[in-house]
Amino acid sequence: MLDKINSFMLRAIEISRLSVSENGGPFGCVIVKNGIIIAEGSNKVTLDNDPTAHAEIVTIRNACKKLKTFNLKGLEIYTSCEPCPMCLSAIYWSHIEKIFYGNSRFDAAKIGFDDNHIYNELSKDLNDRKIQLHQINQKDAMKAFKDWELKKDKIKY
């Protein structure tokens, strides 16, 4: 089993190196179901002009599209670097159950990919964050929540 795990991580690393050679970011990822890679992805932030196109997000999107589901329960993700806060959140939302990673977030920070400012912001009170949050029109916004709450045939996630 350890050989399989290593092979999945080595594939994620290979994808990260290919991404660099194609002017993408140095991150690669695979998602595995029942011992088989079902999706791959690399960082496409600069290629797609999309700040959310991290390797893990791209791979989650590919897996969901292939499996025709938003719930990846029981699957594993292998990523060349410890997921950033956005990617970690996406992994939680997708219900992936195991994360294997190569480089740490501290290794990433050494080459200019420092997420500590985000981790620090998340631990602050809403009023103390760099980007200010302003709640407006809650009464109107609440209507969609009421609609959802009353909907009998909703698909929960």
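The side chains of E76 and Y78 are joined by a polar contact of 2.7 Å. The structure is a predicted model, and its chain of 157 residues, of which 32% count as buried, holds seven helices and four strands.

**E76 and its surroundings**

- E76 belongs to strand β3, which covers residues 76-81, and its side chain makes a polar contact with that of Y78 at 2.7 Å.
- Although E76 is buried, it has no salt bridge, and the nearest side chain of opposite charge, that of K98, is 4.2 Å away; a salt bridge would need the side-chain nitrogen and the carboxyl oxygen to be within 4 Å.

**Two asparagines with positive phi**

- Most residues other than glycine have a negative phi.
- N23 has a positive phi of about 70° without being a glycine, and this residue lies in the loop that runs between α1 (2-21) and β1 (28-33).
- N23 counts as exposed because its relative accessibility is 60%, where exposed means over 50%.
- N34, likewise a residue other than glycine, has a positive phi near 50° and is found in the loop between β1 and β2 (36-42).
- N34 also counts as exposed, because its relative accessibility is 71%.

**The largest pocket**

- The largest pocket holds about 320 Å³ of space, and of the 19 residues that line it, those closest to its centre are F27, H54, C84, F113 and D115.
- Two or more residues of this lining come from each of the elements α3 (55-67), α4 (85-94) and α6 (116-122), with α4 giving the largest share, three residues.

**The chain as a whole**

- Read from the N terminus on, the elements follow the order α-β-β-α-α-β-α-β-α-α-α.
- The C-alpha trace spans about 55 × 40 × 30 Å along its principal axes.
- Among contacts between residues at least 6 apart in sequence, 47% join residues that are at least 24 apart.

Terms used:
Residues numbered from 1 in each chain as written. Predicted model: local features only at pLDDT ≥ 70, side-chain atom pairs only at ≥ 80, totals over all residues. Heavy atoms only, no water. Buried < 20%, exposed > 50% of the residue type's maximum accessible area, 1.4 Å probe, protein only. Lys, Arg positive; Asp, Glu negative; His and termini not counted. Polar contact = N/O pair within 3.5 Å; in protein donor to acceptor, adjacent residues only side chain to side chain. 1 Å grid on protein atoms, 1.4 Å probe; cavity = no way out; pocket = protein on both sides within 12 Å on 5 of 7 lines; lining within 4 Å. Points joined across faces, edges and corners; volume = space filled by probe spheres on them. Contact = heavy atoms within 4.5 Å.
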